[in-house]
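Visitor: I would like to go through this model contact by contact. Please show it first.

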Amino acid sequence: MKVLKKQILNYFALSLTIAVFLVSCSKEQNKYDALRGLKTVADFPVGTAIQIEKLLNDPKLKQLEVENFNSITSDRDMKMNRITPSEGVYNWKTIDTILYFAQQNNQRLFGHNLIWHSSTPEWVETKGAKDTVWLAKFMKEYIQTYVGRYKGKVAAWDVVNEGFDTKGGEYRKTFWYNNLGKSYIEKAFIYAHEIDPKAILFYNDFNIERDSLKLNAVLAMVKEFQQKGVPISGIGFQMHIRMDTPDAIIAKSLEKAAATGLQIHLSEVDIIFNKHNDSKNGGVQIYKEITEEMKKAQAEKYKNLVLMYRKIVPKAQQFGITFWNFNDRDTWINGFFNLTDWPTIFDDKLSPKPAYFGFKDALEQELK
């Protein structure tokens, strides 16, 4: 009897061990694999925005960045206010550091951006408002000096960023528009192409994945450029989307953009739970903490986004998908909108979230 009892106990112990092992194996499938980061399973470039100083001084952040991404975009250091902080001064040091990092790690460097109203230096606005002839000359000289210096090293540029209003189909009445008219956009593309004919040139904007009026206006501009021979290569969808942005609307927008034949870049991707009005400090805090159910839903949203991109955008037009910082610790969302949100694929402790695995699953999934 004692022997039988011992055998039964051993059986249950073995069964429990096997059960634990099977659960462990199941969890292993979702464990982070340093040798199979996102870039290794994607058939298009996967990128992230970076702050080079922070990246170089954070070994874990750097390791994750190098393991997962083969394209980088500077989130601030390649903008006009950083390049030419005062008249006659060009600051190339930080860009050269970013370029060296990209080259050392076999990463594509994406140039963001050449002309954007929000990063125009105050000295340019002051002088340009008084002398539009000077301003037109400065814009050409700035673009060609900048693009020319990095010819063949920066693969592509956001030539103009956010040239349309937040909502609807009107051009944004920026400093550049008000002083040079809407033609400043096409001229910027022409100047960039003249100095580097091989560079891929994008128009980049937000909300065009869900605002049909705005997207249609951008596409009308693109069509006009194509008819006139203006050298535009691609459309950048920033893709700062919300969990409640319908997938069907995103899919339709991608279809319409892909029909232009231009390259399509999902250029600043993140997915938030809360809401905002697109303005600084305009966040609406709906969720105060993230639950496991929310994490799973976000993973599904990321997965759907990647699958839509792969299925809808022809392979030759897939410039890639870029995150606007890849972890919740460094996301721009919280500071800009005065929110607490969790919009990225790694958490604030730099651990992969379900969103990471959802994104990765979509890259690996065989398309039907």
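Visitor: How many salt bridges does the count come to?

Guide: This is a predicted model, so local features need pLDDT of at least 70 and side-chain atom pairs count only at pLDDT 80 or more, while totals for chains, interfaces and linings use all residues. Residues are numbered from 1 along each chain as its sequence is written, and side-chain values use heavy atoms, with hydrogens and water left out. A salt bridge here is a side-chain nitrogen of Lys or Arg within 4 Å of a carboxyl oxygen of Asp or Glu. By this rule the count is 19.

Visitor: What separates Lys228 and Glu224 along helix 11?

Guide: The side chains of Lys228 and Glu224 form a salt bridge, with N to O at 3.7 Å. Lys228 is partly exposed at 48% relative accessibility, and Glu224 is partly exposed at 25%; buried means under 20% relative accessible area, exposed over 50%, and partly exposed in between (1.4 Å probe, protein chains only). Because they are four residues apart in helix 11, the separation is about one helical turn.

Visitor: How many residues apart in sequence are the parts that Asp244 and Lys275 tie together?

Guide: Asp244 and Lys275 meet through their side chains in a salt bridge of 3.8 Å, N to O. Asp244 lies in the loop between strand 7 (240-242) and helix 12 (247-258), and Lys275 in strand 9 (residues 275-276), so the pair ties together parts that are 31 residues apart in sequence. Helices (H or I, at least four residues) and strands (E, at least two) are DSSP runs, numbered from the N terminus. The answer is 31 residues.

Visitor: Which residues do salt bridges with shared partners join into one network?

Guide: Side chains of opposite charge can pair when their charged atoms come close. Where salt bridges share partners, they join residues into one network: Lys54, Asp58, Arg329 and Asp330.

Visitor: How are helix 11 and helix 12 oriented to each other?

Guide: Leu215, Asn216 and Leu219 in helix 11 meet Ser253, Lys256 and Ala257 in helix 12, where contact means heavy atoms within 4.5 Å. The helix axes come within 11 Å and cross at roughly 10°; axes are lines fitted to C-alpha atoms, for helices over the stretch in contact, and angles run from 0 to 180 degrees between N-to-C directions. Angles under 35 degrees count as roughly parallel, over 145 as roughly antiparallel, 65 to 115 as roughly perpendicular and the rest as oblique. Helix 11 and helix 12 are therefore roughly parallel.

Visitor: Which residue in strand 4 is the bridge partner of Ile115?

Guide: Strand 3 (residues 108-115) has eight of its eight residues buried. Strand 3 pairs with strand 2 (residues 71-74) in the parallel sense over three bridges, with two strands counted as paired if DSSP finds at least two bridges between them. Strand 3 also runs parallel to strand 4 (residues 156-161), joined by four bridges. There, the partner of Ile115 is Val160.
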